[in-house]
Amino acid sequence: MHGRPRYPRPNTGDPQKLQAAEQRVQLYSRLTSTVLKRLQAGQYDKETLDLAARLLEQNPEVYTVWNHRKRALLATLSKGGDTAAEAVKAELALTQRALEKHPKSYATWHHRRWLVAQHVTSLQQEVDLVNRLLEADERNFHGWGYRQFLMELMQAAPEDEEAYAAAKIDHNFSNYSAWHLKTRLLKKVHHQSPTVTLDDLISAKSSAAAAAEERLVPFWALRQELELVTQAFYTDPGDQSPWLYHRWLLGCLLAHAQTGKNKEEIVSLLQQEVAVCKDILELEDTAAPDGKAASSIKWPSLTLAQLHELLCSVAPSSFDNEQTDVRLLYRQLQDIDQLRAGFYTDASKGSAKILVQSAT
Amino acid sequence: MVPPEDLGPRAELLTAKHAAFIKKFAENTSNFEYFATEHFRMSGVYWGLTALYLVGHLDDMDEDAIVNWVLESQHADGGFGGSPRHDSHLLYTLSALQVMALYQKLHLIDADKVIAYVASMQQPDGSFSGDEWGEIDTRFTYIALLCCALLQRPDAIDRQKAAAYIASCRNFDGGFGARPGMESHAGQVFTCVGALALADSLHLLDRDLLCWWLCERQTDTGGLNGRPEKREDVCYSWWCLSALSILGRLHWIDQDALTRYILFCQDEEEGGISDQPEDMADVFHTFFGIAGLSLMGFPGLESIDPIFALPTKIVQQLKPAAPSASSQSSEAPDV
């Protein structure tokens, strides 16, 4: 039970309300008993199925009733043609009514998925429906999962999916579900063409190494993504969604570094990110010089520590002295973000690595 | 809502009130919720009884009546329904076994039938369907592994494939979703970490990255949320903490702040714990709140095993068929 206020206590005082509540209980329990009894006897007539639908509209998680509706539908579906299509259409309408009232009902989402998998319905209509639901609640993971299921059925182009995620982020950059989707798509979208050079051929580079390189997100795309998250940082440096995505982008850069190539480009990108973090920290300092909002300086400070760690690992000779900065930053973070002091203590000792070990 | 400095009557864990609240909910058969929750009552009974065990009140309930009711809920296919008139499902099959384990009556169950049902749900890719209708979810993998562990038949399913499927659901943030490609969710993370622990496959996760993402679930209220930029909710006290506990990183969150948040969600009049302060309490959140406190070593509570989601004493009495948290050092080396 979520989000139901404790007060006023239900059904106290007013005898009329008490009576109404009692009636509701009786009606519901009688409806449940009738429906379950008939369905379990294999009685799949129209009246019973209508009663079953009424029950599900009130309580769509009663999975047993959906199960019986599937059994009843299988008989209709086997007839094929318009009868099957009409039956599926009516069933989709029922699940839609249930989802509009209960958009997080596992049993209803699964029933709809099962219906769609019968391949007698328009997938585009499904996409429209789920897009509408994701407008009403942009973080509903049932909706995102269903959308992914549709995209797989439709074999949607990763570019189009990426555009959908980007539009969601454009609307609200705090939408972590959309950033998550981006991490799934970026490598697919930027399938680098094989860059086998003559040198590689001479050195007979292993095909596994070549394949690994092909899976890298190209620099130009990473630069573009870094720019996008930077805009989000400046809007609200305390929102964790873009920062978590940023950590992943740094991992993508690290994956480049592990190929041993383009070191200068990697170092310059990392330094660019250092500058961004320092700039945000300075802005926050100017905005609230006395009492910095802890959440707004926590993320740039932590990212700065991670960037220094990365620089030390990518170019140890040039950035060795930055180890001191890293330890100092983690010590500061213990004060800024006291809830996670335990993590920062371990991180300052080098025993909690969340970046350098996680290149993928 | 940040708990106030002075928690007033909520400064204590009101164990007797919570026990009475659970008993009252179970016995109040004229309540709408009683009927509306019939399809998942098996899980409700498991939450309620485990909470009662943790606060030392298991004897408040009628053991024989419950055991008989659980046995009545098993169907010909070997699975258990959410109650006798509901179809078999893995969710309720596990809850049924957990209830029988609490009463140390697992021997009354026809293990071969249950195992055959559970094993029949494994798919060629290693994943598990919740029932005959094909819903796939990483929760069901954990359930299948735990059913096999409770019945001491760990090899009845392909554990290696099950673990590989879980690994395929791992995301950029170290967390896990319900299916490959789905967003990380702390509830799902609990089941995936539990599943990997039961399959001896914790090396398939990135311990530091995942635990960092989990400790970032703690908000300024002290409570935990399930995903970035979402509101805190008492149920994540179990889901995040159990995973952190299995992975030996409980100290990465502020346990005092979380304890205060859970205590502040108590209903000092009617008993029970709610999702957020001043919401209506329910058995689900009462269990997850108490279980979270137990993992943090709250005084006076029985300890709970984060993998089996059962009291540690009960797990220790089972012949160790799979690694429980007590047999797996929480100071396990980094992966």
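A polar contact is a pair of N or O atoms within 3.5 Å. In the predicted model examined here, the side chain of B:Ser73 lies 3.0 Å from the backbone oxygen of B:Trp69, a separation that falls within this cut-off. B:Ser73 is located in the loop that connects α4 (63-72) and α5 (90-102) of chain B. With a relative accessible area of 0%, B:Ser73 is buried. Leaving aside residues up to four places away in sequence, B:Ser73 touches B:Met42, B:Gly79, B:Phe80, B:Gly81, B:Ser83 and B:Pro84. One of these partners, B:Ser83, is 10 residues from B:Ser73 in sequence, with a C-alpha to C-alpha distance of 5.4 Å.

The interface of the two chains was examined next. Contact between them involves 65 residues of chain A and 71 residues of chain B. Together the chains bury about 6000 Å², of which 51% is on carbon and sulfur atoms. Of the area that chain B buries against chain A, 16% is supplied by B:Trp133, B:Phe172 and B:Trp212, more than by any other three residues.

Between chain B and chain A there are 10 salt bridges. One of them joins the side chains of B:Glu216 and A:Lys298, at 2.8 Å from N to O. On the side of chain B that touches chain A, the elements giving two or more residues are α2 (32-36), α10 (207-215) and α13 (283-295) of chain B. The largest share, 5 residues, comes from α10(B). By class, this side of chain B comprises 33 charged, 20 nonpolar and 18 polar residues.

Conventions:
Residues numbered from 1 in each chain as written. Chains lettered and ligands numbered in written order. Predicted model: local features only at pLDDT ≥ 70, side-chain atom pairs only at ≥ 80, totals over all residues. Heavy atoms only, no water. Contact = heavy atoms within 4.5 Å. Buried area = accessible area lost by both parts, 1.4 Å probe. Salt bridge = Lys/Arg side-chain N within 4 Å of Asp/Glu carboxyl O. Helix = DSSP H or I, 4+ residues; strand = E, 2+ residues; numbered from the N terminus. Nonpolar A, V, L, I, M, F, W, Y, C, P; charged D, E, K, R; others polar. Buried < 20%, exposed > 50% of the residue type's maximum accessible area, 1.4 Å probe, protein only. Polar contact = N/O pair within 3.5 Å; in protein donor to acceptor, adjacent residues only side chain to side chain.
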